[in-house]
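This briefing covers surface and side-chain features of a predicted model.

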Amino acid sequence: MQPSVPSPDAAPVPSAVASAAPRFDERLTAPRSWWVIVCLLGLSGGLVMFPLGTVPTLGGLVVAAVLAGAAVSSYGSARIRVVAGSLVAGDARIPVSALGAVEVLDAEEARAWRTHKADPRAFMLMRSYVPRAVRVVVTDPADPTPYVYLSSREPEALATALEAERA
């Protein structure tokens with residue numbers, strides 16, 4: 001197979017498209033131990049169906065494993081991105097211009113903001129298996145959300161990306 005050679009009449013990539021690359025992109029995947037539990041749940045499904053024969057046993061194993069795998073995969077598919085002037089966290093898309101101060105939270109402070117310091121109006125994308133987080137103040141007066149709380153394995157990089165996007 002020959003490597004592709006750009007044709008001479010190929011248009012250069014516009015700068016607007018080149019700048020659309022995300023400054024920060026993180027997927028909050030589920031830990032490996034959860035996938036071990038998925039396998040055990042599949043085995044449990046097979047054991048429940050074992051008295052009915054081989055085919056039901058295999059069916060129970062497959063169905064239980066697929067259902068548990070789908071649940072873990074969907075929970076672990078949360079994504080945080082800073083791209084094109086916006087913070088995209090899960091289903092939320094917030095313009096960086098509507099955001100204020102960014103605070104990187106260590107594990108203890110993150111737990112406090114998840115529990116007794118939490119505001120019920122806040123947007124929270126949190127995962128229990130990610131101990132650190134970022135809290136970003138929402139400055140838009142039309143938005144009743146006081147802040148955005150985001151679990152992150154790389155909170156410093158997220159804070160840096162938000163500050164760079166704002167500048």
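**Nonpolar surface patch**

- V36, L40, L43, L47, F50, L61, V62 and V66 make a nonpolar surface patch of about 760 Å², and the elements that give two or more residues to this patch are α2 (32-49) and α3 (54-75).
- The most is given by α2, with 4 residues, and L40, one of the residues of the patch, has its place in this helix.

**Salt bridges**

- The count comes to 7 salt bridges in the predicted model, among them those described in the points that follow.
- R132 and E156 meet through their side chains in a salt bridge, at 2.2 Å from N to O; the pair links distant parts of the chain, since R132 is in the loop between β6 (123-125) and β7 (133-138), whereas E156 lies 24 residues apart from it in helix α5 (residues 155-166).
- R132 counts as partly exposed because its relative accessibility is 26%, and E156 likewise counts as partly exposed, at 41%.
- Within helix α5, E163 and R166 are 3 residues apart and are therefore separated by about one helical turn, and their side chains meet in a salt bridge at 3.3 Å, N to O.
- K117 and E109 form a further salt bridge through their side chains, at 2.7 Å from N to O; K117 is partly exposed at 36% relative accessibility, and E109 is partly exposed with a relative accessible area of 25%.

**A loop residue with positive phi**

- A84, in the loop between β2 (79-83) and β3 (86-89), has a phi near 50°, which is a positive value in a residue other than glycine.
- A84 counts as exposed because its relative accessibility is 55%, and exposed residues are those over 50%.

How values were computed
Residues numbered from 1 in each chain as written. Predicted model: local features only at pLDDT ≥ 70, side-chain atom pairs only at ≥ 80, totals over all residues. Heavy atoms only, no water. Buried < 20%, exposed > 50% of the residue type's maximum accessible area, 1.4 Å probe, protein only. Patch = residues over 30% accessible without salt bridge, like charges linked within 9 Å, V, L, I, M, F, W, Y side chains within 5 Å. Areas by Shrake-Rupley, 256 points an atom, 1.4 Å probe, with all protein chains shown as cover. Salt bridge = Lys/Arg side-chain N within 4 Å of Asp/Glu carboxyl O.
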